[in-house]
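Subject: Handing over the structure

Hello,

Here is the structure you asked to take over.

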Amino acid sequence: MVKEDWSARAMQTLKFSSVMKRNMQKKGIKAGKAKCPYCTGFWHARLMGRKEHFHMSCDGDCGAVMME
C-alpha cells in the first residue's frame, strides 16, 4: 500500500468513526455495531470510561482499528 493511500484511508476511518461516536453519544449507548465501509465485516465499538474514549475494530478482512 502506498503511503498516500494509507494516510487517506486513515483519515477516512477517523471521519467514519467520529460520526459513529457522535451517534452513540446522542443515543446514550456504550456499545455499538455498524457495517464496515471497507469489507463485508462489522465495526464493533465501545465508549470506555467517564471520558468516553472510543475503541473500534472490524471483525472482517480489512482489519480496521481505531482508538481515541
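This is a predicted model: local features need pLDDT of at least 70, side-chain atom pairs count only at pLDDT 80 or more; totals for chains, interfaces and linings use all residues.

Strand 1 and strand 2 run antiparallel and are joined by five bridges. A hairpin of six residues connects strand 1 to strand 2. Strand 2 also pairs with strand 3, again antiparallel, over six bridges. That hairpin has four residues between its strands. Gly49 sits in the turn, with a positive phi of about 75 degrees.

Some partners to find on screen:
- Ala34 has Trp43 in strand 2 as its bridge partner.
- Trp43 has Cys58 in strand 3 as its bridge partner.
- His44 stands opposite Ser57 in strand 3.

Strand 2 has two faces. Trp43, Ala45 and Leu47 point to one face and are buried.

**The core**

Which residues make up the largest nonpolar core? There are twelve: Met20, Met24, Cys36, Cys39, Trp43, Ala45, Leu47, Phe54, Met56, Cys58, Ala64 and Met66. Helix 1 (3-27), strand 2 (42-48) and strand 3 (53-58) each give two or more residues to this core. As general background, nonpolar side chains tend to be buried together in soluble globular proteins.

Ser17 is buried, with a relative accessible area of 1%. Beyond its sequence neighbours up to four places away, Ser17 touches Trp43, Phe54 and Met66.

**The cysteines**

How many disulfides are there? The count is zero. A disulfide is a covalent bond between the sulfur atoms of two cysteines. The cut-off used here is 2.5 Å between the sulfur atoms.

Take Cys39. The closest cysteine sulfur to its own is in Cys58, at 3.5 Å, which is too far for a bond. Cys39 counts as buried, at 15% relative accessibility. Leaving out residues up to four places away in sequence, Cys39 touches Cys58, Gly60, Asp61 and Cys62.

Now Cys62. The closest cysteine sulfur to its own is in Cys36, at 3.6 Å, again too far for a bond. Cys62 is partly exposed, with a relative accessible area of 26%.

**The salt bridges**

There are two salt bridges.

One joins the side chains of Glu68 and Lys21, at 2.5 Å from N to O. Glu68 lies in the segment after strand 4 and Lys21 lies in helix 1, so the pair ties together parts that are 47 residues apart in sequence. Lys21 counts as buried, at 13%.

The other is between Lys30 and Glu52, whose closest N and O atoms are 2.9 Å apart. This pair links distant parts of the chain, 22 residues apart. Lys30 is in the loop between helix 1 and strand 1. Glu52 is in the loop between strand 2 and strand 3. Both count as partly exposed: Lys30 at 43% and Glu52 at 22%.

**Single residues**

Glu52 has one more feature. Its phi is positive, at about 55 degrees, although Glu52 is not a glycine.

Last, Ala8. This alanine lies in helix 1. Ala8 counts as partly exposed, at 46% relative accessibility. Where does Ala8 stand relative to Ala34? The two are 26 residues apart in sequence, and their C-alpha atoms are 21 Å apart in space.

Best wishes

Conventions. Residues are numbered from 1 along each chain as its sequence is written. Side-chain values use heavy atoms; hydrogens and water are left out. Buried means under 20% relative accessible area, exposed over 50%, partly exposed in between (1.4 Å probe, protein chains only). A nonpolar core is a set of buried Ala, Val, Leu, Ile, Met, Phe, Trp, Tyr and Cys residues joined through side-chain atoms within 4.5 Å. Contact means heavy atoms within 4.5 Å. Two strands pair if DSSP finds at least two bridges between them. A salt bridge is a side-chain nitrogen of Lys or Arg within 4 Å of a carboxyl oxygen of Asp or Glu.
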